[in-house]
Amino acid sequence: MASLQASALGLLPTSTSSSSCCSSRKINAAIHVPKLPKAPFSVPKIPTTRKLIDELNNIRVDGLTSTIPVLQNINFTTTPFVDDIKAQNSIAFATTQLYSLLEAVADRVEMHANIGKQRDNWNTLFLNSINMITLTAATMAGVAAIGGAGMPLLALKLSSTLLYSAATGMLLGMNKIQPSQLAEEQRNATRLFKQLQSQIKTMLALGATTEEDVKDVMERVLALDRAYPLPLLGAMLDKLPAKFEPATWWPSHQVLQKKTKSHERKQRGNNGWSEELEVEMRDIVEVVKRNDSKDYERLGNLVLKINKILSISGPLLTGIAAVGSACVGNGSWAAIVAVAAGALATTANAFQHGGQVGMVFEMYRNNGGFFQLLQETIEATLDEGDLEKRENGELFEMKVALQMGRSLSQLRELARKSASYRLDGTTIDEFASKLF
């Protein structure tokens with residue numbers, strides 16, 4: 001019975017043989033597992049995260065629905081980690097842009113310094129050359145008047161006339177471009193670009209630069225390029241304008257960056273400011289407007305008039321001398337006119353370009369621009385109603401004092417004098433700035 005049951009299950013071979021034969025042969029057997037019947041139920045699907053959160057948010061307790069606020073406010077699109085990465089990338093890109101601007105500013109410093117030296121050499125070379133030509137022409141006219149007639153007289157007359165004519169043309173060109181003023185422009189541009197360069201380095205050292213910093217630096221670079229152009233043709237500033245105007249080398253909205261200002265003070269702290277300090281700054285602005293700016297405007301207009309007179313006198317005198325030298329031999333008056341006009345032209349040229357009247361005019365323009373920028377900066381700072389958005393009051397006061405060449409006590413004393421002038425009419429016998 002046992003063998004029959006094993007044979008029925010397929011575990012033993014069907015043939016009957018002796019035990020000795022079975023031990024020497026391999027047994028081939030197979031186990032057949034019957035198929036299980038199909039289950040009448042299905043395995044439930046695991047819900048997604050969003051669906052699971054929605055189900056957990058709605059919990060029914062005795063027919064009431066309660067929402068879990070923590071799960072409701074989860075944001076699956078952004079995380080603080082992603083925001084930090086974006087902020088770091090923005091700062092890194094702004095820093096890279098500032099380094100590029102720093103290289104451009106350093107290049108401009110070198111260019112303006114080199115061109116300033118070149119144009120200063122122009123002034124010296126033109127001055128010496130024109131004076132030597134004028135004096136040589138006057139000498140030849142005098143010799144022609146003393147000498148005899150014939151070919152020597154004609155040669156001297158012709159040479160003197162040509163030299164005077166050349167001096168007239170050179171003076172017209174020199175008075176048009178004013179090399180001493182050009183050199184002063186480049187010196188001022190070099191100083192201001194160096195100042196901007198140090199400010200960019202300070203920004204990079206402090207870190208946390210923004211796109212606003214990059215835009216501000218870019219606008220300041222372009223404003224300096226417009227205020228102090230390098231080319232002579234097309235972009236050169238008018239050296240003999242109708243009236244004196246201070247130089248402007250900053251963007252028009254640099255000190256007024258906020259389009260709308262809030263005059264409501266937020267009580268988050270005074271940031272070093274007080275009512276006394278604000279009144280002090282307003283009094284300083286009044287002194288600057290009343291004394292410094294007005295005086296530089298007066299001096300600038302005076303120097304401009306002198307420069308215009310000399311710019312006309314030099315070429316006019318050499319032209320008269322050229323006509324007189326052409327008439328030498330026809331009367332004693334011709335030789336007198338040629339020699340005297342040549343001497344006067346040399347004097348006018350030496351006074352104008354040797355004394356560098358154009359440079360003095362440009363210096364007054366730059367100083368007037370300095371005071372105008374100071375006024376706008378103080379007024380824009382005081383117009384800012386939010387004290388936290390202002391520069392620290394104590395630091396701002398120290399900067400204003402240093403820009404005027406005064407100590408803090410001297411600055412406050414000047415403000416007290418300005419207040420006395422406003423209340424009692426007491427005259428202030430000093431200027432706000434001790435530097436210019």
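# Close-up views of a predicted model

**Figure 1. Overview of the protein.** The secondary structure comes to 13 helices and two strands. Helices (H or I, at least four residues) and strands (E, at least two) are DSSP runs, numbered from the N terminus. This is a predicted model, in which local features need pLDDT of at least 70, side-chain atom pairs count only at pLDDT 80 or more, and totals for chains, interfaces and linings use all residues. Residues are numbered from 1 along each chain as its sequence is written, and side-chain values use heavy atoms, with hydrogens and water left out. Of the 436 residues of the protein, 36% count as buried. Buried means under 20% relative accessible area, exposed means over 50%, and partly exposed lies in between (1.4 Å probe, protein chains only). Contact means heavy atoms within 4.5 Å. Among contacts in the protein with a separation of 6 or more, 81% come from residues 24 or more positions apart.

**Figure 2. Helix H9 against helix H13.** H9 covers residues 275-326 and H13 covers residues 408-424. They pack at an angle of about 75 degrees, with their axes 8 Å apart. Axes are lines fitted to C-alpha atoms, for helices over the stretch in contact, and angles run from 0 to 180 degrees between N-to-C directions. The angle makes H9 roughly perpendicular to H13. Angles under 35 degrees count as roughly parallel, over 145 as roughly antiparallel, 65 to 115 as roughly perpendicular and the rest as oblique. On the H9 side, the contact is made by Glu-280, Met-281, Asp-283, Ile-284, Glu-286, Val-287 and Arg-290. The H13 residues include Leu-411, Leu-414, Ala-415 and Tyr-421. By class, the contact of H9 with H13 has eight nonpolar, one polar and six charged residues. Here Ala, Val, Leu, Ile, Met, Phe, Trp, Tyr, Cys and Pro count as nonpolar, Asp, Glu, Lys and Arg as charged, and the others, Gly among them, as polar.

**Figure 3. Helix H12 against helix H13.** H12 and H13 pack at an angle of about 85 degrees, with their axes 9 Å apart. That makes H12 roughly perpendicular to H13. Glu-397, Met-398, Val-400 and Ala-401 of H12 make the contact with Leu-408, Leu-411 and Arg-412 of H13. By class, the contact of H12 with H13 has five nonpolar, no polar and two charged residues.

**Figure 4. Helix H11 beside helix H12.** H11 spans residues 357-383, and H12 spans residues 393-403. Their axes come within 12 Å and cross at roughly 165 degrees. That makes H11 roughly antiparallel to H12. H11 passes H12 in a left-handed crossing (left-handed if the near helix is turned anticlockwise from the far one by less than a right angle, right-handed if clockwise). Phe-370, Leu-374, Thr-377, Ile-378 and Thr-381 in H11 meet Phe-396, Val-400 and Gln-403 in H12. By class, the contact of H11 with H12 has five nonpolar, three polar and no charged residues.

**Figure 5. Gln-375 in helix H11.** Gln-375 has its place in helix H11. Gln-375 is buried, with a relative accessible area of 12%. Leaving aside its neighbours within four places in sequence, Gln-375 is in contact with Val-288, Lys-289 and Ser-293.

**Figure 6. Aromatic pairs.** The structure holds six aromatic pairs. Rings of Phe, Tyr and Trp (its six-membered ring) pair if their centres lie within 6.5 Å; planes under 30 degrees apart count as stacked, over 60 as edge-to-face and the rest as tilted. Trp-249 and Trp-250 form an edge-to-face pair, 5.2 Å centre to centre, with 90 degrees between the planes. Trp-249 is buried at 10% relative accessible area, and Trp-250 is buried at 6% relative accessibility. Phe-370 and Phe-371 also form an edge-to-face pair, 5.2 Å centre to centre, with 70 degrees between the planes. Both Phe-370 and Phe-371 are buried. Tyr-296, Tyr-364, Phe-370 and Phe-371 form one aromatic cluster.

**Figure 7. Two loop residues with positive phi.** Most residues other than glycine have a negative phi. Phi of Gln-178 is near 50 degrees, a positive value. Gln-178 lies in the loop between helix H6 (151-177) and helix H7 (179-206), and is buried at 0% relative accessible area. Asn-271 has a positive phi of about 55 degrees. Asn-271 lies in the loop between helix H8 (211-227) and H9, and counts as buried at 18% relative accessibility.
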